[in-house]
Structures are given as C-alpha cells and as structure tokens.
Amino acid sequence: MDEIKVIKLGGILNVGQVIGKVSVSETAILQKEYDRIFEQIKKDKIVNIVVGFDKYLTLLGDKKDILSTLHDVLKYVGNEKRIAFYFVDRDLLELSIPMTLPILEEGFTRVVRIEGNHRNPKFTILKSLGF
C-alpha cells in the first residue's frame, strides 16, 4: 500500500504516496484541482478507488452542487486511462439524498452490490456493460 500513488480529497487517513491534495471546501475548485492533478499522471492506466464519496455528497446539501458533482464524476466514464471503483453506502444515500443512487447507477458501466460481512460477502451484479 505504501507504493500506491494517491490523490487525496479531504479525509484523515494517510495511505500511499500522496501526489496531490485537494480541498473539499468548494465543488468547482475541487474538480479543477482533481483534473489538474489527474492530467499530470503519466501512466497509461489509473485505478481510482473512492471511499467516502457518499458522505461528501451528504455534506453538499444544495441540489445544484450535488448534481454538479455527479456530473463531474460521470464525465470520466469511458475514459480508458481511468478505472474507478466507488464504494458507497447505499442506505445512507437512499435516506439522505435519494436522487443520487439512480443517477450513479445509470451513469456507471458496472454496478455491484456487496452485502453480508467480511467473512461471508455476497456480490450481486446489478449492471454490467461490455461483458
């Protein structure tokens, strides 16, 4: 894990080699900073593992900011340089901002639900394009 290059968007855990930090104070600034750091990465393929995105969306509060952020995320779908895994708490999104989950599920190419516990996980493929 220490060898992994990380673009840090908020959060408190330090994992891997942080190649850039982005403040989560304003969505427009966040996206521009992320894009700038992303473009500096010279590798052919990037695996982007995202945790805490669901909590970030709940902090936005304003519907316009939420939709703008979802648009910013979904613009990377189809980018062959980037493979992303978004781990979100489905229950949290359904309770706090129910419009987000259907938008994410519609926009992403693959959706997998993970249920159960770490000893006995159950994976259900809800959507898979290109297989």
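Ile114 is partly exposed at a relative accessible area of 45%, where buried means under 20% relative accessible area, exposed over 50% and partly exposed in between, with a 1.4 Å probe and protein chains only. The residue belongs to strand 5 (residues 110-117); helices (H or I, at least four residues) and strands (E, at least two) are DSSP runs numbered from the N terminus. Leaving aside neighbours within four places in sequence, Ile114 is in contact with Phe87, Pro121, Lys122 and Phe123, contact being defined as heavy atoms within 4.5 Å. Ten residues along the chain from Ile114 lies Thr124, and the two C-alpha atoms are separated by 6.6 Å.

This is a predicted model, in which local features need pLDDT of at least 70 and side-chain atom pairs count only at pLDDT 80 or more, while totals for chains, interfaces and linings use all residues. Residues are numbered from 1 along each chain as its sequence is written, and side-chain values use heavy atoms, with hydrogens and water left out.

**Nonpolar core**

The largest nonpolar core has 24 residues, and Phe53 and Leu57 touch the most other members. Such a core is a set of buried Ala, Val, Leu, Ile, Met, Phe, Trp, Tyr and Cys residues joined through side-chain atoms within 4.5 Å. At least two residues of this core come from each of helix 1 (27-40), strand 3 (46-51), helix 2 (53-60), helix 3 (63-74) and helix 5 (100-107). Not counting residues up to four places away in sequence, Leu57 touches Ile66, Thr69, Leu70, Leu93, Ile97 and Thr100.

The buried residues of helix 2 are Phe53, Asp54, Tyr56, Leu57 and Leu60. Viewed down the axis of helix 2, these buried residues fall within an arc of 160°, so they line one face of the helix; the arc is that of the directions from the helix axis to the C-beta atoms. Asp54, in helix 2, counts as buried because its relative accessibility is 2%. Beyond residues up to four places away in sequence, Asp54 touches Val88, Asp89, Leu92 and Leu93.

Helix 3 has twelve residues and reaches 16 Å from its first C-alpha to its last, close to the 16 Å expected at 1.5 Å a residue. The expected span is 1.5 Å times one less than the number of residues in the helix. Ile66, Thr69, Leu70, Asp72 and Val73 are buried in helix 3. Down the axis of helix 3, its buried residues also fall within an arc of 160°, so they line one face. Lys63, Lys64 and His71 are exposed on the other side of helix 3.

**Aromatic rings**

A pair of aromatic rings is described by the distance of the centres and the angle of the planes. Rings of Phe, Tyr and Trp (its six-membered ring) pair if their centres lie within 6.5 Å; planes under 30 degrees apart count as stacked, over 60 as edge-to-face and the rest as tilted.

| Pair | Centre to centre | Angle between planes | Class |
|---|---|---|---|
| Phe53 and Tyr86 | 5.3 Å | 70° | edge-to-face |
| Tyr86 and Phe108 | 5.3 Å | 25° | stacked |

Phe53 in helix 2 and Tyr86 in strand 4 (residues 82-87) are 33 residues apart, so this pair links distant parts of the chain. Phe53 is buried, with a relative accessible area of 7%. Tyr86 in strand 4 and Phe108, in the loop between helix 5 and strand 5, are 22 residues apart and likewise link distant parts of the chain. Tyr86 and Phe108 are both buried. Phe53, Tyr86 and Phe108 form one aromatic cluster.

Charged ends also sit over rings: that of Lys81 is 5.1 Å from the centre of the ring of Phe38, and that of Arg82 is 4.6 Å from the centre of the ring of Tyr76. The criterion requires NZ of Lys or CZ of Arg within 6 Å of the ring centre and within 35 degrees of the ring normal.

**Strand 3**

Ile46 is found in strand 3 and counts as buried at 13% relative accessibility. Not counting residues up to four places away in sequence, Ile46 touches Phe38, Ile41, Lys81, Arg82 and Ile83. Ile46 and Glu80 are 34 residues apart in sequence and 8.9 Å apart in space, C-alpha to C-alpha. Asn48, also in strand 3, is buried at 14% relative accessibility. Aside from neighbours within four places in sequence, Asn48 is in contact with Tyr34, Arg82, Ile83, Ala84 and Phe85.
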